[in-house]
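Trainee: Please take one part of this model and go through it closely. I would like to look at the salt bridges and at the core beside them.

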Amino acid sequence: REGLMFFAGEATLTRSITVDSDCEARLSFARPDAGVTEISVNGQRRALYWAPYECRVALKAGENELRVTLTNSCRNMLGPHYSRDADSYGVGPHSYGRETENMHFGIPGGVIVEY
């Protein structure tokens, strides 16, 4: 649906967070649809590999840059050739939308920032 049916690689999402004074924030989100998720705030990096998907970061007074980099695997690039039931003998448009469809990519519900 997003036009990235065979995309394999990284996507970086950015957002600005503005606070009145220096503080510590907790970033959390649901299980990401990516192989590796890296969070960066003002260049301070945190890689999140397993649950709970949360980390604490320092925010400075004023504007802060939040970057979330999602990296997926080559599974999408190779198409819908993964079936839980058996090997597929043919692949076509009908192959998408079932259990064999490509891996989703993103952060369901987005990132929650608490400070």
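Mentor: Arg 56 and Glu 24 form a salt bridge, with the closest N and O atoms 3.7 Å apart; the term stands for a side-chain nitrogen of Lys or Arg within 4 Å of a carboxyl oxygen of Asp or Glu. Arg 56 lies in strand S5 and Glu 24 in strand S2, so this pair ties together parts that are 32 residues apart in sequence. Strands here are DSSP runs of E with at least two residues, numbered from the N terminus. This is a predicted model, in which local features need pLDDT of at least 70, side-chain atom pairs count only at pLDDT 80 or more, and totals for chains, interfaces and linings use all residues. Residues are numbered from 1 along each chain as its sequence is written, and side-chain values use heavy atoms, with hydrogens and water left out.

Arg 56 has a relative accessibility of 46% and counts as partly exposed, a class between buried (under 20% relative accessible area) and exposed (over 50%), computed with a 1.4 Å probe on protein chains only.

The structure holds five salt bridges. One of them joins Glu 54 and Arg 26, at 2.9 Å from N to O. Glu 54 is in strand S5 and Arg 26 in strand S2, 28 residues apart, and the pair links distant parts of the chain. Glu 54 is partly exposed at 35%, and Arg 26 is partly exposed at 23%.

Arg 26 also meets Glu 114 in a salt bridge, at 2.4 Å from N to O. Since Glu 114 sits in strand S7 (residues 112-114) and Arg 26 in strand S2, this pair ties together parts 88 residues apart in sequence. Glu 114 is partly exposed, with 38% relative accessibility.

Now the core. The largest nonpolar core has 17 residues, and Leu 27, Ile 39, Val 57, Leu 59 and Leu 66 have the most contacts inside it. Such a core is a set of buried Ala, Val, Leu, Ile, Met, Phe, Trp, Tyr and Cys residues joined through side-chain atoms within 4.5 Å. At least two of its residues come from each of strands S1 (10-19), S2 (23-28), S3 (36-41), S5 (54-59) and S6 (62-71).

Leaving aside neighbours within four places in sequence, Val 57 is in contact (heavy atoms within 4.5 Å) with Cys 23, Glu 24, Ala 25, Leu 27, Val 41, Gln 44 and Arg 46.

Key
Helix = DSSP H or I, 4+ residues; strand = E, 2+ residues; numbered from the N terminus.
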